[in-house]
Amino acid sequence: MFSYLVLGCNILAVLLGTAAGCLLRRHISDRLRENTMTYFAAISAALGVQMLGRVDQMTAVVFAFLLGGTAGHFLRLDHRIGLLVAKLQDGARTGTAHTVLSAFTMYCIGTTGMLGAMELGLSGDSTLLTTKAIMEFLSSVFFAASCGWILAVVSIPLGLILTAFYLLSTYIAPYLTDAMIGNFSACGGLIQLVNALRIAKLKNPPVLDLIPGLILVVPITCFWPF
């Protein structure tokens with residue numbers, strides 16, 4: 001029961017943060033929003049660097065990252081999810097879709113949550129997920145102040161992903177080596193670094209096209225000869 005409460009806190013953090021952001025949006029100036037987005041970009045980059053620190057085989061990670069990005073390009077994942085966001089809010093502005101995609105990547109694709117859910121399932125350690133929930137609440141306030149209620153939709157895939165990794169942890173853990181976990185984390189770190197560019201609006205890279213890299217990095221690590 002405790003584990004599901006921890007998982008629920010991450011979902012609730014996004015929902016409460018979204019509600020607070022929508023209520024307070026008139027009192028949050030454009031300058032404060034822009035400055036805060038820059039701060040969250042720095043946080044995303046810092047998380048990326050931290051996750052990269054767990055790398056075991058950087059060459060394998062780079063190969064999976066680039067191969068995954070190429071596969072995602074042909075699948076047009078970022079474009080398709082962006083269109084879905086626009087439909088959900090009846091033709092959302094480009095800036096709105098941009099903000100939602102940035103939040104989706106930061107909350108759902110960051111391997112901090114996936115690894116945190118696995119740690120919760122294996123050892124009952126909720127440290128990573130508790131820290132993640134606090135960050136998600138605070139960031140959701142400012143994301144929602146920019147894009148509105150549509151941000152709450154992100155809580156659905158977030159809950160599904162965290163629950164899936166929590167339930168699968170006991171089944172997949174015996175087959176995961178330290179190298180696989182480290183490289184998986186590092187690949188997620190690279191994605192977080194690219195997402196930082198999107199949050200800061202320095203570039204608008206198709207971050208979600210990189211998702212296949214997270215799937216490929218584990219088998220590539222398993223068979224990597226070097």
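At what angle do helix α6 and α7 pack? In this predicted model, the angle is about 140 degrees, and the two axes run 7 Å apart. Helix α6 covers residues 111-123, while helix α7 covers residues 127-147. Angles over 145 degrees would count as roughly antiparallel, so α6 and α7 end up oblique to each other. Their crossing is left-handed. On the α6 side, the residues that meet α7 are T112, G113, L115, G116, A117, E119 and L120. Their partners in α7 are L128, L129 and K132. Sorted by class, this contact has five nonpolar, three polar and two charged residues.

Helix α7 also packs with helix α1, which spans residues 2-24. Here the angle is about 20 degrees, with the axes 7 Å apart. Angles under 35 degrees count as roughly parallel, and that is why α1 is called roughly parallel to α7. The crossing of α1 and α7 is right-handed. What classes do the residues of the contact of α1 with α7 divide into? The tally is 14 nonpolar, five polar and two charged.

From α3, the contact takes in A60, V61, F63, A64, L67, G68, A71 and G72. From α10 come P212, G213, L216, V217 and I220. By class, the contact of α3 with α10 has 10 nonpolar residues, three polar ones and no charged ones.

Next come the aromatic rings. A search of the whole structure turns up six aromatic pairs. One of them joins F40 and F143, with ring centres 5.9 Å apart and planes at 25 degrees. Planes under 30 degrees apart count as stacked, so this pair is a stacked one. F40 sits in helix α2 (residues 30-52) and F143 in helix α7, so the pair links distant parts of the chain, 103 residues apart. Are F40 and F143 buried or exposed? Both are buried. F40 and F143 also belong to an aromatic cluster, together with Y107 and F142.

Another pair is made by F165 and F184, whose ring centres are 6.5 Å apart. Their planes meet at 35 degrees, so this pair counts as tilted. F165 lies in helix α8 (residues 155-172) and F184 in helix α9 (residues 178-199), so the pair ties together parts that are 19 residues apart in sequence. What about burial? F165 is partly exposed, with a relative accessible area of 21%, whereas F184 is buried at 9%. The cut-off for buried is under 20%, which is why F165, at 21%, goes down as partly exposed.

R33 is found in helix α2 and is buried, with a relative accessible area of 18%. Leaving aside residues up to four places away in sequence, R33 touches R25, I28, A145 and S146. L167 belongs to helix α8 and is partly exposed, with a relative accessible area of 43%. The C-alpha atom of L167 is 8.2 Å from that of M118, although the two residues are 49 residues apart along the chain.

Finally, there are two residues with positive phi values. R76 has a phi of about 55 degrees although it is not a glycine. R76 is in the loop between α3 and α4 and is partly exposed, with a relative accessible area of 43%. K201, also a residue other than glycine, has a positive phi near 60 degrees. K201 is in the loop between α9 and α10, and its relative accessible area of 62% makes K201 exposed.

Conventions: Residues numbered from 1 in each chain as written. Predicted model: local features only at pLDDT ≥ 70, side-chain atom pairs only at ≥ 80, totals over all residues. Heavy atoms only, no water. Phe/Tyr/Trp six-rings, centres within 6.5 Å; stacked < 30°, edge-to-face > 60°. Helix = DSSP H or I, 4+ residues; strand = E, 2+ residues; numbered from the N terminus. Buried < 20%, exposed > 50% of the residue type's maximum accessible area, 1.4 Å probe, protein only. Axes fitted to C-alpha atoms, helices over the stretch in contact; angles between N-to-C directions. Parallel < 35°, antiparallel > 145°, perpendicular 65-115°, else oblique. Left-handed = near helix turned anticlockwise from the far one by under 90°. Contact = heavy atoms within 4.5 Å. Nonpolar A, V, L, I, M, F, W, Y, C, P; charged D, E, K, R; others polar.
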